[in-house]
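Reader: Hello! I am new to this structure and would like a close look at one part of it. Could you pick a pair of charged side chains and take me outward from there?

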Amino acid sequence: MAKPNYTGTYHMVEQENMDSYLGALDVNFALRKIVCLLKPTKEITHDPATGTMKIRTLTTFKNFNMDFTIGKEFTEDLGPVDGRVCQTTVDWEGDKLVCVQRGEKEGRGWTHWLEGDKLHLEMRVQGIVAKQVFKKAD
């Protein structure tokens, strides 16, 4: 069965538990408060034939770019997020994209999945889970 194509622009419509998640990443109080007020847009370019993917997370405060090939480990610089570097792998688990980020923090990673015109993101670190939901732009 073919994997879904994640290509598109998505605007955040829901968020939960982000402050606790950022706290577990040792992000300072003031920055956590700013981040929790942001309404990011995700621009995803996905080539299902090659497995290459680019995820641009855009905000009025700071942008974050992630380029990778599904199934191939790479070194990810999370400086814009929490100043850390991880060994990261993104792979398919059914129709979901599951990311494992190996580094200083245990159990770090995320899962993306599509439901209709919504892109779901679940972020995990040290047993803390935050969730965001994005709606695809028309």
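Author: Happy to. Keep in mind as we go that this is a predicted model. Side chains of opposite charge can pair when their charged atoms come close. The two partners come from distant parts of the chain, 20 residues apart: Arg-84 belongs to strand S6, which covers residues 84–93, while Glu-104 sits in the loop between S7 and S8.

Are these two partners buried or exposed? Arg-84 has a relative accessible area of 10%, so it is buried, since the limit for that word is under 20%. Glu-104 is exposed, because its relative accessible area of 64% is over 50%.

Gln-126 is placed in the loop between S9 and strand S10 (128–136). Its phi is near 45°, a positive value in a residue other than glycine. With 43% relative accessibility, Gln-126 counts as partly exposed. You can find a positive phi at Asn-17 too, of about 65°, although Asn-17 is not a glycine. Asn-17 lies in the loop between strand S1 (8–16) and H1, and with a relative accessible area of 36% Asn-17 is partly exposed.

Back to the salt bridges. How many does the structure hold? There are nine. One of them joins Asp-67 and Arg-56, with the closest N and O atoms 2.6 Å apart. This pair again links distant parts of the chain, with Asp-67 in strand S4 (residues 64–69) and Arg-56 in strand S3 (residues 52–58), eleven residues apart. Asp-67 counts as partly exposed, at 41% relative accessibility.

A further salt bridge brings together the side chains of Arg-102 and Glu-73, at 2.3 Å from N to O. Here the partners are 29 residues apart: Arg-102 is in strand S7, and Glu-73 is in the loop between S4 and strand S5 (74–78). Arg-102, at 48% relative accessibility, counts as partly exposed, and so does Glu-73, at 44%.

Now return to strand S6, where we started, and look at Val-90, which lies in that strand. At 0% relative accessibility, Val-90 counts as buried. Setting aside residues up to four places away in sequence, Val-90 touches Met-66, Phe-68, Thr-69, Ile-70, Gly-71, Leu-97, Val-98, Cys-99 and Trp-110. The C-alpha atoms of Val-90 and Met-53 are separated by 9.9 Å, and these two residues are 37 apart along the chain.

One last stop is the empty space inside. Rolling a probe the size of a water molecule over the atoms shows where empty space is left. The count comes to one cavity of 30 Å³ or more, and the largest cavity has a volume of about 660 Å³. Which residues are closest to its centre? Of the 29 residues that line the largest cavity, those are Lys-42, Thr-57, Phe-64, Val-81 and Met-123. Helix H1 (18–24), helix H2 (29–37), S3, S4, S5, S8 and strand S9 (118–125) each give two or more residues to the lining. The largest share, three residues, comes from H1. By kind, the lining of the largest cavity divides into 18 nonpolar, seven polar and four charged residues.

Methods:
Residues are numbered from 1 along each chain as its sequence is written. This is a predicted model: local features need pLDDT of at least 70, side-chain atom pairs count only at pLDDT 80 or more; totals for chains, interfaces and linings use all residues. Side-chain values use heavy atoms; hydrogens and water are left out. A salt bridge is a side-chain nitrogen of Lys or Arg within 4 Å of a carboxyl oxygen of Asp or Glu. Helices (H or I, at least four residues) and strands (E, at least two) are DSSP runs, numbered from the N terminus. Buried means under 20% relative accessible area, exposed over 50%, partly exposed in between (1.4 Å probe, protein chains only). Contact means heavy atoms within 4.5 Å. On a 1 Å grid over the protein atoms alone, a cavity is a set of points where a 1.4 Å probe fits but cannot get out, and a pocket is an open set with protein on both sides within 12 Å along at least five of seven lines; lining residues have an atom within 4 Å of a point. Grid points are joined across faces, edges and corners, and a volume is the space filled by probe spheres set on the points. Ala, Val, Leu, Ile, Met, Phe, Trp, Tyr, Cys and Pro count as nonpolar, Asp, Glu, Lys and Arg as charged, and the others, Gly among them, as polar.
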